[in-house]
Each structure stands twice: as C-alpha cells, then as structure tokens.
Amino acid sequence: MDDSPRRGDDRVPPGQYVTKKWPVLSVGDTPEVDVAGFELLLFGRVEAEHAFDWQALQSLPRREVTADFHCVTRFSTLDNPWSGFATRDVLGAVAPSPGATHAMIHCYGGYTTNLPLDDLLSEHALLADRHGGEPLAPDHGGPLRLVVPHLYAWKSAKWVSGIELLNADERGFWEENGYHTYGDPWAEQRFSSQETREAWQVRRSVAFE
Ligand SMILES: Nc1nc2c(c(=O)[nH]1)N[C@H]1C(S)=C(S)[C@@H](COP(=O)(O)O)O[C@H]1N2
Ligand SMILES: [Mo]
C-alpha cells in the first residue's frame with residue numbers, strides 16, 4: 001500500500017485547517033508510564049507472543065519520519081519530526097498467523113484503536129519515542145506512541161502497551177463510539193454514519209439497477 005506523504009496542493013485534507021500549536025487530545029487522564037516497568041506485548045494471531053521491554057525496543061534500528069498529523073476535530077499540524085522504530089521492524093519479532101489481517105492497538109489507560117495490518121506495517125508508520133529531538137512528552141503519548149500519518153490521528157495511539165493481531169476487523173474505542181472504522185482523511189472518513197450511508201447507497205444502487 002502507498003502511504004507516501006502528500007506534498008502538493010492536496011497536502012491538507014478537505015475540511016481541515018492548519019495550526020502551529022500542538023493541542024493535547026486525550027479521552028482520559030495521562031497515565032504514568034515508567035520506562036523501567038514498560039512492556040510492549042505482541043499477541044493475538046501470532047505464532048508466538050513476544051514482549052519488548054524498553055531496552056530491547058531501543059536496540060532496534062532508529063527510524064525518523066517527518067509527517068503531517070490530521071485530527072478528525074479538523075486541526076492539522078504539519079512536518080512533525082518523529083523518531084522511533086518502524087512498526088515493520090517491531091512486528092518483525094513475531095510471525096503473524098495465517099489469516100491475520102487487522103490489528104488492535106492497546107494502550108496504558110485502556111484506549112484502543114483498530115486498523116488493517118497493511119496500514120500498520122506501511123512504510124511511514126512508526127512507534128515514536130521522540131519528537132523534535134526530545135523524549136515524547138507524557139501528554140503526547142510518552143514514552144511510546146503509534147504514528148500512522150496517512151490515517152486520522154485517533155489511530156495514532158498514545159501510551160502503546162500492546163499490539164494484537166486479528167483475523168477480522170474489530171472496533172476500538174472511538175470506532176465503537178461513532179468514528180469510521182478506517183479513517184482516511186482524504187476521503188473524509190470521519191464518522192461511521194458515513195459508512196452506513198455509503199453501504200446504504202450501494203444497497204440502493206443494487207436495488208434500483
Ligand atoms: N491512548 C490514547 N491515544 C490517543 C488518544 C487518546 O485519547 N488516548 N487520542 C487520539 C486523538 S483523537 C488524537 S487527535 C491524537 C492526539 O495526539 P496529541 O494529544 O499528541 O495531539 O491522539 C490519539 N491517540
Ligand atoms: Mo483526534
């Protein structure tokens with residue numbers, strides 16, 4: 001799949017405005033996550049589970065990605081300088097079981113979000129522990145957050161604690177609460193009512209053929 005950053009006239013998705021501020025958007029309080037007790041568990045549809053502690057994670061090759069960030073509440077921030085570990089390299093520690101197609105991201109504090117495995121493993125997706133050369137601030141997901149630049153920012157889960165591979169799409173926190181299951185900002189896939197409407201339009205076009 002192509003997750004190349006957009007640079008031209010369509011750089012900012014429809015309905016978004018660019019801000020230079022970096023707002024904090026969290027459902028609950030910022031959890032306290034100490035790197036000393038940190039664990040990232042890869043589980044679910046994998047041949048064998050694997051847990052990274054902080055040190056093991058740091059031994060992976062470092063990946064830098066400069067990426068735009070699009071929140072469904074309509075703000076976008078441009079050129080965020082992330083540093084961390086390619087999700088491809090992290091997931092490289094496990095062999096997905098045959099039929100693993102999706103992932104559920106689990107977080108300290110209980111937040112979850114779902115996405116297709118191909119999107120999770122896309123070239124510019126990373127598990128970031130630094131921003132602008134500094135350790136990621138707790139409010140912004142430190143010590144470790146997911147960054148998937150080509151999907152709406154609610155997919156970029158903060159305080160990641162686990163990645164569960166699934167053999168079907170399941171809904172995470174916001175997806176259960178009305179957000180779109182996929183969330184492509186360029187297609188304005190904001191809410192699942194849109195999905196319902198699209199599905200209905202397909203049914204209707206079939207019915208009236
Ligand atoms: N664990 C967790 N991750 C989360 C959220 C959250 O509430 N909890 N909010 C999401 C939403 S809606 C957005 S827009 C971004 C915001 O990231 P920021 O607070 O660093 O700007 O984080 C996403 N990741
Ligand atoms: Mo958001």
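Predicted model: local features only at pLDDT ≥ 70, side-chain atom pairs only at ≥ 80, totals over all residues.
Across the chain the mean pLDDT is 93, and 92% of the residues reach 70 or more. The two ends of the range fall in named elements: confidence is highest in strand β10, residues 145–147, at 99, and lowest in helix α5, residues 192–207, where the mean is 64. A reader tracing the chain may like to keep helix α5 in mind as the element with the lowest confidence.

Attention can now turn to the ligand. Ligand 1 sits in the largest pocket, with 18 residues around it. Those that come nearest are Pro23, Val27, His140, Arg145 and Lys158. What kinds of residue form the shell around ligand 1? The shell divides into 13 nonpolar residues, three polar ones and two charged ones.

Several polar contacts can be picked out by eye in this setting. The side chain of Arg145 places an N or O atom 2.7 Å from an oxygen atom of ligand 1. The backbone takes part as well: a polar backbone atom of Leu25 is 2.9 Å from an oxygen atom of the ligand, while a backbone N or O atom of Ser156 lies 3.0 Å from a nitrogen atom of ligand 1. How much of the ligand does the protein bury? Taken alone, ligand 1 exposes 530 Å², and the protein buries 98% of that area.

Two details of the backbone also deserve a look. Most residues other than glycine have a negative phi, and most peptide bonds are trans. Against that background, Gly142 and Pro143 are joined by a cis peptide bond, with omega about 15°. Pro143 belongs to the loop between β9, residues 134–135, and β10. The other detail concerns Arg74, which is not a glycine and yet has a positive phi of about 95°. Arg74 is found in the loop that lies between β4, residues 63–70, and β5, residues 75–86.

How values were computed: Residues numbered from 1 in each chain as written. Chains lettered and ligands numbered in written order. Heavy atoms only, no water. Near = heavy atom within 4 Å. Polar contact = N/O pair within 3.5 Å; in protein donor to acceptor, adjacent residues only side chain to side chain. Areas by Shrake-Rupley, 256 points an atom, 1.4 Å probe, with all protein chains shown as cover. 1 Å grid on protein atoms, 1.4 Å probe; cavity = no way out; pocket = protein on both sides within 12 Å on 5 of 7 lines; lining within 4 Å. Sits in = over half its atoms within 2 Å of the grid points. Nonpolar A, V, L, I, M, F, W, Y, C, P; charged D, E, K, R; others polar. pLDDT = per-residue confidence, 0-100. Helix = DSSP H or I, 4+ residues; strand = E, 2+ residues; numbered from the N terminus.
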